[in-house]
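Here are my notes for you to read alongside the structure.

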Amino acid sequence: MKNIIVQFSRVFVGLLFIISGLIKLNDPVGFSYKLGEYFGETVLNLPFFVPYSLALAVFIVIFETVLGFMLLIGFKPKFTIWSLLLMIVFFTFLTFYSAYFNKVTDCGCFGDALKLTPWQSFTKDVILLFFILILFLNIKLVKPLFNANFRNALVSLTIVLCGFMGYWVLNHLPLKDFRAYKVGTNIQKGMEIPEGAPKTVVEMIFVYKVNGVNKNFTEKDLMNLPEGATFVDRIDRIVSEGYKPPIHDFVMEKDGSDYKDELLQEPKLLMFVAYDLSKSDKKGMQILENLNQKAKAKGYKVIAMTASPEGEIEKAKKEFGYTFDFYFCDGTALKTIERANPSIVLLEKGTIIQKVHYNDQALLKL
């Protein structure tokens, strides 16, 4: 009976680590954004790690995937299970911290393929910790499969394949797009709220100073405020989250006006996405004006989307000779649209027809 439980734990943990790792390896840039959140001053306060978020993201997801495979074939059981235990202890602490203090609303455990709330992420890690502890306490029952040479070859091949996959998606696009802006999505429809959808319930808490001490009062309490109470602040506490459409933070602003209703009706719209012009790849930036001229000759309206300030926009226009207009959108939304900086997006009346990495400009179907 004990052996059955151990072998089940082995398969369960191994497959879950492989699936989780491959999903994140499909989009390591997205996982690096999540790591950047954790390293931020409001969470772990480790800002010096932020510049290395992408390198760490690639290493972690490859290591996670390879560990899962190593467990399944019984490669170096002590090293593998110790590594799994240390990793899951760290992530269990991290997800508990995020959930308890409400720091990061999505751990990114399964990328954009499966969104988990902070407490769901913590529960998932506790379950994994339970099964890994079973393996840790019964390492002798984790027997290797195949002979040593074949196991070594399989692990080496796994590392090479994972490395190639990481290289490919970083220089092109994720193999599978799980995001709200995937090809075929109509942006207007993605922003719609269905009739009868639940709305967010917010409770207003009013902070008043009473006899030198700050006290909280609800709206009902305001009728009976103590004499001499002075207003300090108002806090909006979310009682229950309402329906949030898949696309909820998309704008196309220029000179203080939002032009998305007009631009998303264009039958031919070519959109360059560069969330941060100061971090944009020079090679990618150099090809945009040429694409602009080609697209305009074929009847396309051409614009660029960025979250950069006006000074950065003017600097880019001067450096690269751009003749197209820039529109502002929140950086998080732009990073969700596409991972490359810059990226190229074709739209037809608000529907995303094609997205390409700047390395794949030759594949653009103008």
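1. **The overall picture.** Please keep in mind that this is a predicted model. The protein has 12 helices and 10 strands. Its C-alpha atoms fill a box of roughly 70 × 65 × 40 Å along the principal axes. Of the 366 residues, 46% are buried.

2. **H4 against H5.** Helix H4 covers residues 77–101 and helix H5 covers residues 118–137. Their axes come within 9 Å and cross at roughly 155°. An angle over 145 degrees counts as roughly antiparallel, and H4 and H5 are therefore roughly antiparallel to each other. The crossing of H4 past H5 is left-handed. What kinds of residue make up the contact of H4 with H5? There are 20 nonpolar residues, four polar ones and one charged one.

3. The ring centres of Phe96 and Phe122 are 5.4 Å apart, and with their planes at 55° the pair is tilted. Phe96 counts as partly exposed, at 35% relative accessibility.

4. **H1 against H5.** Helix H5 also packs with H1, at an angle of about 130° and with the axes 9 Å apart. That angle makes H1 oblique to H5. Here, too, the crossing is left-handed, with H1 passing H5.

5. **Aromatic pairs, and one inside H1.** The count of aromatic pairs comes to 25. In one of them, Phe8 with Phe12, the ring centres are 6.0 Å apart and the planes are at 10°, so the pair is stacked. Both residues belong to helix H1 (residues 2–25), where they sit four residues apart, about one turn of the helix.

6. **Lysines over rings.** Which rings have a lysine over the face? Lys24 lies over the face of Phe31, at 5.5 Å from the ring centre. Lys335 lies over the face of Tyr33, at 4.4 Å from the ring centre.

7. **Positive phi away from glycine.** Lys76 is not a glycine, yet its phi is positive, near 45°. This lysine is found in the loop between helix H3 (53–73) and H4. Lys76 is exposed, with a relative accessible area of 53%. Phe146 also has a positive phi without being a glycine, at about 65°. Phe146 has its place in the loop between H5 and helix H6 (148–171), and is partly exposed, with a relative accessible area of 48%.

8. **A cis peptide bond.** Where does the chain have a cis peptide bond? The bond from Asn341 to Pro342 is cis, with omega near 15°. Pro342 lies in the loop between helix H12 (331–337) and strand E9 (343–348).

Note on methods:
Residues numbered from 1 in each chain as written. Predicted model: local features only at pLDDT ≥ 70, side-chain atom pairs only at ≥ 80, totals over all residues. Heavy atoms only, no water. Phe/Tyr/Trp six-rings, centres within 6.5 Å; stacked < 30°, edge-to-face > 60°. Helix = DSSP H or I, 4+ residues; strand = E, 2+ residues; numbered from the N terminus. Buried < 20%, exposed > 50% of the residue type's maximum accessible area, 1.4 Å probe, protein only. Lys NZ or Arg CZ within 6 Å of the ring centre and 35° of its normal. Axes fitted to C-alpha atoms, helices over the stretch in contact; angles between N-to-C directions. Parallel < 35°, antiparallel > 145°, perpendicular 65-115°, else oblique. Left-handed = near helix turned anticlockwise from the far one by under 90°. Nonpolar A, V, L, I, M, F, W, Y, C, P; charged D, E, K, R; others polar.
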